[in-house]
Amino acid sequence: KVRRFISPILRKIVNIACVRKIVLEGYKKKKKDTPYIFTSTHDFKHDVHAAIASMDRHGYLLEGTTNHVDYNPEFYAVFINGLIHVDRFDEKSRKESVPKMERIIKSGSSIMMYPEGSWNNHESMPVLPLFKGPYLVANNLKKQGYNVKVVPMAQYQNFDEKEVYVKVGEPIDIASYDSKEGLIKLRDALATLKWELMEEHAPRVKREDLGNDPRSLFLKEREKEYLRGNWKDDC
């Protein structure tokens, strides 16, 4: 209850504190006092800040990078917002995160997940194949009488530019499908939103300007983004 109360203030602080300018496009208000499973694409350092600032309600963050929790001071702010930490290398920790997320949604708060599981370092795939987390939580809750929908959120940032563009789609009842089809529908929605942002905001580059090894150019830019992070050991 305390976190839900301070959430609007915290979201404004996160928006101001983020070194990037968050540009939210075409966000349609969701049902008031209704918890959702928000799912975002995952590409760059400030996509967590942007997601928290862009939501119109309180949401706990599912976080799977132990390095950040141990060493990154910014995650004190995430803890204040609400954090579900899962050690992705520990099967027990992964299993225990599911009932925690279910409890949060039953209490009236939403959750934010990054179902790609890691930053997308693929130069030609807008969204990586998704892990089952969103479907698992939505399906478990449906069996308990809670019809919780999944909200797709895509983010895009040009290399070395200050704007983070965020686009949010309509909620999807993925638990009304089987696991495979539900995750395909969610991934399609995420990829469509991401592609629309790229069409609107990505700089146009001629093929001849990329040389014979465009992947290496892409990975050099990705390396710059990783080096912006506060990494203390080999993560």
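The model is predicted, so local features need pLDDT of at least 70 and side-chain atom pairs count only at pLDDT 80 or more, while totals for chains, interfaces and linings use all residues. Residues are numbered from 1 along each chain as its sequence is written, and side-chain values use heavy atoms, with hydrogens and water left out.

Aspartate 33 is located in the loop between β1 (21-25) and β2 (37-40). Helices (H or I, at least four residues) and strands (E, at least two) are DSSP runs, numbered from the N terminus. The phi angle of aspartate 33 is near 60°, a positive value in a residue other than glycine.

Next, select residues 59-63, which form strand β3; 5 of its 5 residues are buried. Which residues of β3 point one way, and which the other? Gly59, Leu61 and Glu63 point one way, whereas Tyr60 and Leu62 point the other way. In a regular strand the side chains alternate between the two faces of the sheet.

Now display residues 83-85, strand β4. This strand also runs parallel to β3, with 3 bridges between them, and leucine 83 is the bridge partner of leucine 61 in β4. Strand β2 pairs with β5 in the parallel sense over 3 bridges; there, threonine 39 stands opposite methionine 113.

**Isoleucine 84**

Remain in strand β4 and select isoleucine 84. At 4% relative accessibility, isoleucine 84 counts as buried. Which residues does isoleucine 84 contact, leaving aside its neighbours within four places in sequence? They are Tyr60, Leu61, Leu62, Glu63, Ser97, Lys100, Met101, Ile104 and Ile111, where contact means heavy atoms within 4.5 Å. For a distance across the model, pick the C-alpha atoms of isoleucine 84 and alanine 17: they are separated by 22 Å, and the two residues are 67 residues apart along the chain.

**Helix α1**

Select residues 2-17, helix α1. At 1.5 Å a residue, its 16 residues should span 22 Å, and the end C-alpha atoms are 22 Å apart, which agrees; the expected span is 1.5 Å times one less than the number of residues. Where is the kink in α1 centred? The kink, of about 45°, is centred on proline 8; the bend at a residue is the angle between axes fitted to the seven residues ending there and the seven starting there.

Ser7, Leu10, Arg11 and Val14 of α1 are buried, and what covers the buried residues of the helix includes α2 (47-54) and α4 (75-81). An α-helix has 3.6 residues a turn, so residues three or four places apart point the same way. Then select arginine 3 together with phenylalanine 79: the charged end of the arginine sits over the ring, 5.2 Å from its centre. The criterion is that NZ of Lys or CZ of Arg is within 6 Å of the ring centre and within 35 degrees of the ring normal.

**Aromatic pairs**

The whole structure contains 3 aromatic pairs. Rings of Phe, Tyr and Trp (its six-membered ring) pair if their centres lie within 6.5 Å; planes under 30 degrees apart count as stacked, over 60 as edge-to-face and the rest as tilted. Select tyrosine 36 and phenylalanine 38: their ring centres are 6.2 Å apart and the planes lie at 75°, so the pair is edge-to-face. Both tyrosine 36 and phenylalanine 38 are buried.

Move to phenylalanine 159 and phenylalanine 218, an edge-to-face pair with 6.4 Å centre to centre and 65° between the planes. This pair links distant parts of the chain, 59 residues apart: phenylalanine 159 is in the loop between β6 (150-156) and β7 (163-168), and phenylalanine 218 is in helix α8 (residues 214-227). Phenylalanine 159 is partly exposed at 38% relative accessible area, while phenylalanine 218, at 18%, counts as buried.

**Glutamine 157**

Finish at glutamine 157, in the loop between β6 and β7. Glutamine 157 is buried, with a relative accessible area of 10%. Leaving aside neighbours within four places in sequence, its contacts are Arg20, Phe44, Glu163, Val164, Glu225 and Arg228.

Note on methods
Buried means under 20% relative accessible area, exposed over 50%, partly exposed in between (1.4 Å probe, protein chains only). Two strands pair if DSSP finds at least two bridges between them.
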